[in-house]
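Subject: Structure handover

Hello,

The structure we discussed is below, with the sequence. My notes on it follow.

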Amino acid sequence: MIFWRWWTLVVLVATAMVSAEIYLGVVDFVVTNDPTYISFGIFALFVISSFVIGSWCFQLQRGTTIDNSSLGPLWFISDALMSIGMIGTLLGFLMVLTSAFEDVDTSDVEAMQEVIGQLATGMGTALLTSLVGLISSTLLKVQLVMLDTANSLGNRDETL
């Protein structure tokens, strides 16, 4: 039963992501607003970790028990995703503060427009990486709690 719960969660998340891409153009938005591509790194770690959890859910459903100590690295990755998002936030702020205000001529309209564009890019990177890290970390923790609960219940999982 645990594998099907995990699969349902994955299908719901994938459906939400495809819908966000179709209706909002999320991938183009991320490419435009995250020149560091940290968001894609966070997403890649999330996908890889999710498939590892899925394979363990499948093994657990087939009757194999999982040593709880082997879940430790995945719990670390779930926390690291949020930390990497915060690193992206700091990089975004550094991009804003280091490059935007160098040799600015406040009387030149075009120069000020360029500064505003740099500010928007840096702030976009800062907020976007935090958002992707927070969402990925939360979804990964939900999967891990499902797996950990089913593993601790053993064969009694059918009663849930």
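The largest pocket holds about 580 Å³ of space. The model is predicted. Lining this pocket are 22 residues, and M17, V26, V30, F43 and V132 are the closest to its centre. By class, the lining divides into 18 nonpolar residues, three polar and one charged. Helices α1, α2 (26-33), α3 (38-61) and α5 are the elements that each give two or more residues to the lining. The most come from α1, which supplies seven residues.

Two of these helices, α1 and α5, also pack against each other. The axes of α1 (residues 2-24) and α5 (residues 109-153) come within 10 Å and cross at roughly 170°. An angle over 145 degrees counts as roughly antiparallel, so α1 and α5 are roughly antiparallel to each other. On the α1 side the contact is made by I2, R5, W6, L9 and V13. On the α5 side, the residues in contact are L139, V142, Q143, M146, L147 and A150. Across both helices, the contact residues comprise nine nonpolar, one polar and one charged.

On charged pairs, the count comes to one salt bridge. The side chains of K141 and D79 form this salt bridge, at 2.8 Å from N to O. K141 sits in helix α5 and D79 in helix α4 (residues 72-99), so the pair ties together parts that are 62 residues apart in sequence.

Regards

Methods
Residues are numbered from 1 along each chain as its sequence is written. This is a predicted model: local features need pLDDT of at least 70, side-chain atom pairs count only at pLDDT 80 or more; totals for chains, interfaces and linings use all residues. Side-chain values use heavy atoms; hydrogens and water are left out. Axes are lines fitted to C-alpha atoms, for helices over the stretch in contact, and angles run from 0 to 180 degrees between N-to-C directions. Helices (H or I, at least four residues) and strands (E, at least two) are DSSP runs, numbered from the N terminus. Angles under 35 degrees count as roughly parallel, over 145 as roughly antiparallel, 65 to 115 as roughly perpendicular and the rest as oblique. Contact means heavy atoms within 4.5 Å. Ala, Val, Leu, Ile, Met, Phe, Trp, Tyr, Cys and Pro count as nonpolar, Asp, Glu, Lys and Arg as charged, and the others, Gly among them, as polar. On a 1 Å grid over the protein atoms alone, a cavity is a set of points where a 1.4 Å probe fits but cannot get out, and a pocket is an open set with protein on both sides within 12 Å along at least five of seven lines; lining residues have an atom within 4 Å of a point. Grid points are joined across faces, edges and corners, and a volume is the space filled by probe spheres set on the points. A salt bridge is a side-chain nitrogen of Lys or Arg within 4 Å of a carboxyl oxygen of Asp or Glu.
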